[in-house]
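Trainee: I have a structure open and want to learn how to read it. Please take me through a few features.

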Amino acid sequence: MIQAKIVETNLKFSSLSRRNSTSKIVIHHTGSVKDVDVSAAQIHEMHKSNGWAGIGYHFVIRKDGTIERGRPEWAIGSHAQGHNSNSIGIHLCGDFNAAKPTDKQIESAALLIANLTHNYNISCDRNHIIGHDECYVGVGKTDGAGCPGRNLQSQLDTISGKANWYRYNSDADIVDKPVKNICPTCGREL
């Protein structure tokens, strides 16, 4: 399987705890008034200024598809209250109620998720790859316009289908030739 290229940021945290299990991946967006492209280091500084240990997400995917490390992968995140102890948080830069994720963000997210589901033996499906608001279904926190934004939430079936395909295909040129039509259930190219 092709490994996602992750830019190491070597961020410093005040204190972190080890995550003992990983059973899902939670997807987020910036969701600010402007459709911004912020680095993991910038988010880290913003979160630290709130008195937190540092960036709450494990990964940040920039608009050009670059994947940056946020919180160490082994650490409990701080991105989805009540779900941090068993999840990995991925943040895609942008306001996806106003804009759409870039094709490069979609491909990078799918490749990263393929790697993570393989590494943690998580099923590569929509029960285990969820939008932030899906953590709170049934408890009154979702309105369809929350996190990860309508335009990214509507792409989660596609992302999980592509992730499934990347996970089980190892051709060296996969990343250079993005797959366009993927079955979200089985991950096969249509």
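Predicted model: local features only at pLDDT ≥ 70, side-chain atom pairs only at ≥ 80, totals over all residues.

Trainee: Are Glu68 and Arg62 buried or exposed?

Mentor: Buried means under 20% relative accessible area, exposed means over 50%, and partly exposed is in between (1.4 Å probe, protein chains only). Glu68 and Arg62 are both buried.

Trainee: Which residues are linked in a network of salt bridges?

Mentor: Glu8, Arg69 and Glu73 are. Between Arg69 and Glu73, the closest N and O atoms are 3.5 Å apart. Arg69 has a relative accessible area of 16%, so this residue is buried.

Trainee: Where do Arg126 and Asp157 lie?

Mentor: First, the contact: their side chains form a salt bridge at 3.1 Å, N to O. Arg126 lies in the loop between α2 (103-119) and β6 (129-131), and Asp157 in helix α4 (residues 156-168), so the pair ties together parts 31 residues apart in sequence. Helices (H or I, at least four residues) and strands (E, at least two) are DSSP runs, numbered from the N terminus. Arg126 is partly exposed at 21%, and Asp157 is partly exposed at 39%.

Trainee: In what order do the six strands form the sheet?

Mentor: Two strands pair if DSSP finds at least two bridges between them. Here the open sheet runs β1-β4-β3-β5-β2-β6, with mixed pairing. β1 (6-7) and β6 are at the edges with a single partner strand each, so one side of each has no neighbour in the sheet. β1 pairs with β4 (residues 67-69) in the parallel sense, over two bridges. Ile6 has Ile67 in β4 as its bridge partner.

Trainee: How many disulfides does a search of the whole structure find?

Mentor: A disulfide is a pair of cysteine sulfur atoms within 2.5 Å. The search finds zero. For Cys135, the nearest cysteine sulfur is that of Cys147, 9.1 Å away. That is too far for a bond. Cys135 is buried at 11% relative accessible area, and Cys147 is buried at 14%.

Conventions: Residues numbered from 1 in each chain as written. Heavy atoms only, no water. Salt bridge = Lys/Arg side-chain N within 4 Å of Asp/Glu carboxyl O.
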